[in-house]
Amino acid sequence: MTTRASLRLSYCHFDPDAHAQPAVALRLDVEDNDVEQPVHQHRKGQLVLAVRGGVTCEVSKAIWIVPPQHAVWIPGGMPHSNSATDNARIYFLFIEPNAARMPEDCCTLAVSPLLRELIHYLAEQDPAYTHDSPTARLVGVLLEQLVVAPVEQLHLPMSNHAKIRRIAKTLIADPADRTTLAQWAQRLAMSERSLARLVTKETGLTFGRWRQQLHLIVALRQLSSGTTVQQVAGNLGYDSVTAFITMFKKALGQPPAQYFAGLR
């Protein structure tokens, strides 16, 4: 099923749980990103695939980025919200529980050209296909390919702790914020050592690594929407473009231009 709309409006007339088929797909062409799909959940697991632009998925313990040619898997029954960059093209693939051996936790999957085309094809079909139809046979192949898709770590660990949420909210609103751990500790009426332990306990990362991961998430989202490397480096508060590229290459193995060329 294909639709052109905001994320909120696109779901008004589509209920994936109304279909008992092993998998159904929906394509969205998002015209703007001023509307975020509110927190919701459904019985089916959900794969969010961005073929143009970027999508951010938020669950209780993490924020997941969906750069082009990647997908985020969200298990069934897990509350989540989605937001997209301008002019994004997104595919949602909904999978019945036990239809395929999918991960039990959220993860980012690298999507092959074959898998992408299978999802595209399914999105053009009637979701009420019969079990003995050509579409049903195609779904079998699609699910086999999906199970073996490589997993990548493109997410920001989050926490429900109020102080961690406060720091994250500030940094997401202004990624160039360079408030130090000591300054944050003073602002939150804690010792620097206590705050450092709290961040590590709640996110699994040191404060510096956690903020760097947030920068990576923001960078991927901005770059996927067409922002230049120079602009992104400035938006994140880096002293130079070279410093930003060094961080990006260390995290993902390639500088931004090569990374996105590989995705295309």
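In this predicted model, the second largest pocket is lined by Gln153, His155, Pro157, Leu205, Arg209, Gln212, Gln213, Leu216, Met247, Lys250, Ala251 and Leu252, and its volume is about 210 Å³. At least two residues of this lining come from each of β12 (155-157), α7 and α9 (241-252), and by class the lining of the second largest pocket comprises six nonpolar, four polar and two charged residues.

The largest pocket holds about 300 Å³ of space and is lined by 13 residues, among which Thr56, Ile63, Ser83, Ile172 and Arg221 lie nearest its centre. Two or more residues of the lining of the largest pocket are given by β5 (55-59), β8 (80-84) and α7 (207-224), with α7 giving the most, namely four residues. The lining of the largest pocket divides by class into six nonpolar, four polar and three charged residues.

Five aromatic pairs were counted in the model. The ring centres of Phe92 and Phe94 lie 6.2 Å apart with 55° between their planes, so this pair is classed as tilted. Phe92 is buried, with a relative accessible area of 0%, and Phe94 is likewise buried, with a relative accessible area of 0%. Tyr238 and Phe244, by contrast, form an edge-to-face pair, with a centre-to-centre distance of 5.7 Å and an angle of 70° between the planes; both residues of the pair Tyr238 and Phe244 are buried. Together with Phe248, Tyr259 and Phe260, Tyr238 and Phe244 form one aromatic cluster.

Charged groups also sit over aromatic rings: the charged end of Arg178 is placed over the ring of Tyr238, 5.0 Å from its centre, and that of Arg187 over the ring of Trp184, 4.4 Å from its centre.

Conventions:
Residues numbered from 1 in each chain as written. Predicted model: local features only at pLDDT ≥ 70, side-chain atom pairs only at ≥ 80, totals over all residues. Heavy atoms only, no water. Phe/Tyr/Trp six-rings, centres within 6.5 Å; stacked < 30°, edge-to-face > 60°. Buried < 20%, exposed > 50% of the residue type's maximum accessible area, 1.4 Å probe, protein only. Lys NZ or Arg CZ within 6 Å of the ring centre and 35° of its normal. 1 Å grid on protein atoms, 1.4 Å probe; cavity = no way out; pocket = protein on both sides within 12 Å on 5 of 7 lines; lining within 4 Å. Points joined across faces, edges and corners; volume = space filled by probe spheres on them. Nonpolar A, V, L, I, M, F, W, Y, C, P; charged D, E, K, R; others polar.
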